[in-house]
Each structure stands twice: as structure tokens, then as C-alpha cells.
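Here's a quick briefing to read with the model open beside you. Start with the question below, then work through the topics in any order you like.

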Amino acid sequence: MNNPIVSIQHVSKNYGKHQVLNDISLEIYEGEIFGLLGPSGAGKTTLVKQLAGLEEPAQGENYIFSEKMPRLDLIKRIGYMAQSDALYTDLTAKENLEFFAALYGLSGKEKKQRMNEVMELVSLTDHLHKMVSDYSGGMKRRLSLAISLLHSPGLLILDEPTVGIDPVLRRSIWESFKRLKEKGTTILVTTHVMDEAGKCDRLGMIRDGQLIAAGTPKELMQQSGAANIEDAFLAYGGA
Amino acid sequence: MRIMALVIRILRQIVRDKRTMALLILAPILVMTMLHLVFNGDEYTPKMGLVDLPEKIEAQLNLEHAKLEYYETEKLAENDLSGKKLDAYLMFDQTPPSVVLEGSDPNVNGAVMRWVQGALKPLQPNGGNQEIKADYLFGSGDMGQFDYFGPVLLGFFVFFFVFLIAGVSFLRERTTGTLERLLTSPLRKWEIVTGYIIGFGIFTMIQAAIIAWYTIYVLGMMMEGAFGYVLLITVLLSLTALTLGILLSSFANNELQMIQFIPIIVVPQIFFSGLFNLETISEWLSWVGPFTPLYYAAEALRNVMVRGFGWEMIYKDLLILLAFSLLFMILNIAALRRYRKI
């Protein structure tokens, strides 16, 4: 908990008159699972897209691995999973993996090994040769996660990774996050599910484009005198 | 390496989608076959040259309904004929007079021959029907409508289908979020565009070869030049279709909107590609032709297939097609900046 992997400094963004992000400053440290908590429309996805290199802030800067984003060589070290499953449904899972692996320059033995590892991590090894169009929603979500892990990124950015996934699977996905964390991967995850937020090492609460609070779940509950994360969120939101 | 990954993925997707693949190859074949069966006539004012015409004969001739030029020698007339300033010229060095036609457009050939029959009628005693000797610079008297239309249609169908398929597949890449996903990988914007072009290019080459082979060798379309040139022209044309399709897909939000480009972008090209005689098109519209890729491809195809010309007569058209593709490619890369600045 010493090096900031992600450093967001006074970032604002507006689409026309609509202020999506308003002066956000935040640091995420090596090896932690950081949760970005907030209702839909709060600006989570916009912030996360900036960190993935897809968008740029109107004011302020984003630093990843101490370098200013966006940069192509930084993008290589980031794993990103968007809110919607970006998969080629007319190909098999294996073909999807092969394609993305090649984009990140993996080949030969290494590629094969990584493909097996990530598929095992999301328990999809038995469905490797299936067409993605035959996958269920949860399976697609897990395949997307597997793809974002292929190139062993140091920073994993996951936008609503467990939406539409049943509780059993959700638990297994969180367990895989913990295993990744143990290997030193920093994980940034957005969520609007309060009980999921409790599993993060630290939380950032975001509402109407503003960061209303940040800290460990315990700190946040103590400071606001709330019994759970949801009450804490409401307390910080001024309700 | 990264481009190759993209190429392999695109080819896999095409091969998997059997129906689209069949559409790309069988639909043009089907339409060409139908046209072949259907076409086999609008009055046109021929441009006639009259070589060394004795005055006393001229007084007898019926020279209305044609644009006339007078020549001293056959050589001068021949020059203008190959320069397409003339449709045909008449020679009066023997009786009956003989006619030499440019010959590549059967419509024009027909009009010329009808006019010649009419013009020379007063010369023929007792209204007898003497056979007039006709020579063709290109083509021949037995060239059908289809032989003239064929090269344009060949180009058109290749253009049409490649435009549609490439546009829709790039659109899908955008709407399903995979484009965004590609842009969060180290793939560069030009690599995406190049990957698409090579991937579809390989398939298009196969498509163009099959369709050209079928129309020429099965349907028996006139083919005076080299097959290799036909292939080269169609491949370059499909490259423009491909890059234009991908470009326009950024202005469409769904497949239906992509289809809406067909009557706006694709169909008008056919009017200016020489399928209809450009001189019969209103002047205020005829300037459109040089802005359409199909105009150049059709001209080049006709030069090879009907007139049997080679490289020196088609290379300019090919360069223009290539320039169109390059322009569209650059615009494509610029359009991708909307999704990622670097």
C-alpha cells in the first residue's frame, strides 16, 4: 500500500452542458481491490473509460503506473472489461481467446498456457470449443473476464463485472479476484450493488459526478455512523 | 502480427456465415445470368465521318439525323474514330460505299447501321438492298447488349455486395462493443483499418475471380483482353467499396441505416458508369460521373474486355481507384479518432 498505480488528479468531464465528472481526485494502490460505488449515471463508466484510454478528461490528469494516460504502451499493461460483453458471438470461445491473445502479442506455448489458465480461473475449460452464441449470459461475462486477464495485466479495470450473474457464480468470481490480488494484480471494479462493495479493500463513493467519500468499508461506516454500506452511502450523499 | 490476428478473425467469421458468403458469390452470378437472358433497344444520333465525299454524290444522300464531320483522308477519320470523336465513318472509294465502326457499344452500332442504310438508299438503283460492307475497330457486328453492359454490371455487383457486407460487419463491430474493446487493446487505428482491408480483400479476390470467371467462361461474355487485368480492376474496385463501406458505417446506427446508403451511394453510380450513354444524360448531372469509383472501373473493364486493351490504357483508371481507396482509408482512420484519440 505504498505506490499509487492509479492517480486521478482533479479530473472533470462534461458532455456539452452536462457535467459528468466534477473535480475527482483519487489514488489506487498496488495490490488492492478498489471499488467504485455509485448509482447508474453517476459517472463511473466515464471515469473507468478514461483510465482504459478510451476517453480523455476535459480538465485534470490521469496517471497510471506514474505515466500520463492515454498512452498505447500503458494500454498494454491494463486489462479492461466493459459493461457489455464485447465478444464475437459467431466464433468459438477458443477463437475469441486466440484473437485477443494475438492482439497482445502472445503466441505459441505462452498463448496456449495463458488461455488454459484464464479459462480455468473462470471455470469455462469445458466450454472452450463452444460457439459464443450458445453461451449463457453469465458464461459470456466470465469469458469477457478471461479475455481481459489473458495478457496478465498489472491493473485490471472491470466495469460492472457481476451484473446478471447468479450469487454462486458471483462468489466464485470474487474468489478469483482475491487470487489475482494475491498475485499482485491491482483491481478497480465498478458496482452499484452495495453488498458487493463490502468485499473491496477500499471504496470510492461517487454520485452525480462527484466523489463523495473514499476509504475502507469499515472507515466509511464508522465515520458516517452507519450500520451498512448502503446507509453510509446515503449519509455521505446528504440524504 | 496484430494485423494478421484481425485478418484471421475476419476470414473465420466470413467462412462461418455461409449465407452471407453465398450471397456474395451466388447473388451476382444469378443476376448476371438473368441479365444475360433478358438483354439480347432508344434512338441515338450517331456521329459520322464522311471520307473524301464527291459533291455530286453528297447531293443525292439523305444526311439528316447525324452529326457529320468531313475528312480528306481515311487516316484522319481513323484517328478520330479511335479517339471516340466518331462512332463510324463512311468511305466512298468504291461502290457501294463501306463503313467502319468504333464498335464497342452495340446500341451505337445499331444506330449507325440504320442511319447508313437510310442515307445510302437514294444511291441504290430501284431501291434494291445492296449489302454494305462494315468493318469494326473494336467488337463486332454480333456483339450483344450483354457484352457491352456486362463489364459495368460485373463491376457494379462486386462493388455493391462488398460495400454492404464490409459496412455491416464494421457497424456490428461498433454496435456490439467489440470496436471499443479493440481500442482498449494495443491495436493501432491504422492496424484496424488495414486488418479489415486485408481480411476482406482476400475474400473479395476470390469472389471477384469466381464471378468474372463465370460471366466470361460460362455465360460467354465478350473477352478480348487478359483475365488478369479484369481481376486486378475488380479487386481495386472492391477495395474502394470496402473502404467506402467501412467509412459510411460510422454514420449509420444500425443495419437498416446502412441499407439506406444503397439508393444514395451505390445505385446512382450505375447511372454514371456508362451503362447508359453518358451523352444522353442531362448536362447539369453529367459532372457527377468522375466522382464515382464505378465510372473508372467500368471504363477500365470495358477497355480490357471489349476493346482488348492492356496496361497502358487502364493504368490511369487503376491509379484513380487506388487514390479513392487511400482517401477513404485516411478518412476511416480519422473517423476512428472519435473512439480513441491515440
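Which residue is the bridge partner of Val11(A) in strand 2 of chain A? It's Ile24(A). Keep in mind that this is a predicted model, in which local features need pLDDT of at least 70, side-chain atom pairs count only at pLDDT 80 or more, and totals for chains, interfaces and linings use all residues. Residues are numbered from 1 along each chain as its sequence is written, chains are lettered from A and ligands numbered from 1 in the order in which they are written, and side-chain values use heavy atoms, with hydrogens and water left out.

**Confidence**

- Chain B has a mean pLDDT of 84, with 93% of its residues at 70 or more; pLDDT is the predictor's confidence in each residue, from 0 to 100.
- Helices (H or I, at least four residues) and strands (E, at least two) are DSSP runs, numbered from the N terminus.

**The hairpin and loops of chain A**

- Strand 1 (residues 4-15) and strand 2 (residues 18-29) of chain A pair in the antiparallel sense over eight bridges; two strands pair if DSSP finds at least two bridges between them.
- Their hairpin has two residues between the strands, and Gly16(A) takes a positive phi near 65° there.
- Ser66(A) isn't a glycine, yet it has a positive phi of about 65°. You'll find Ser66(A) in the loop between strand 4 (59-64) and strand 5 of chain A.
- The peptide bond from Met69(A) to Pro70(A) is cis, with omega near -5°. Pro70(A) sits in the loop between strand 5 (67-68) and helix 2 of chain A.

**The six-stranded sheet of chain A**

- Six strands of chain A form an open sheet in the order 6-7-8-3-9-10, and the pairing is mixed.
- Strand 6 (78-81) and strand 10 (210-215) of chain A are the edge strands, each pairing on one side only.
- From one strand to the next, the twist averages 15°; axes are lines fitted to C-alpha atoms, for helices over the stretch in contact, and angles run from 0 to 180 degrees between N-to-C directions.
- Strand 3 (residues 33-37) and strand 9 (residues 202-207) of chain A run parallel and are joined by four bridges. Phe34(A) stands opposite Arg202(A) in strand 9 of chain A.
- Helix 8 (residues 217-224) of chain A packs on the sheet, touching strand 9 and strand 10 of chain A, and its direction makes about 110° with that of strand 10. Contact here means heavy atoms within 4.5 Å.
- Helix 1 of chain A lies across strand 3, strand 6, strand 7, strand 8 (186-191) and strand 9 of chain A, at about 155° to strand 8.

**The five-stranded sheet of chain B**

- Five strands of chain B form an open sheet in the order 2-1-3-4-5, again with mixed pairing.
- Strand 2 (67-71) and strand 5 (134-136) of chain B stand at the edges with a single partner strand each, so one side of each is left without a neighbour in the sheet.
- Strand 4 (residues 98-101) and strand 5 of chain B pair in the parallel sense over three bridges, and Val100(B) has Asp135(B) in strand 5 as its bridge partner.
- Helix 5 (residues 106-120) of chain B lies across strand 1, strand 2, strand 3, strand 4 and strand 5 of chain B, running at about 160° to strand 4.

**Where chain A meets chain B**

- The contact takes 32 residues from chain A and 25 residues from chain B.
- The two chains bury about 2600 Å² between them, 63% of it on carbon and sulfur atoms. Buried area is the accessible area (1.4 Å probe) that two parts lose on being put together, summed over both.
- In chain A, Leu54(A), Leu72(A) and Leu103(A) lose the most area to chain B, together 24% of what that side buries.
- Four salt bridges are counted between chain A and chain B; a salt bridge is a side-chain nitrogen of Lys or Arg within 4 Å of a carboxyl oxygen of Asp or Glu.
- Arg16(B) forms a salt bridge with Glu95(A), and their closest N and O atoms are 2.7 Å apart.
- Helix 3 of chain A gives the most to the side of chain A that touches chain B, with six residues.
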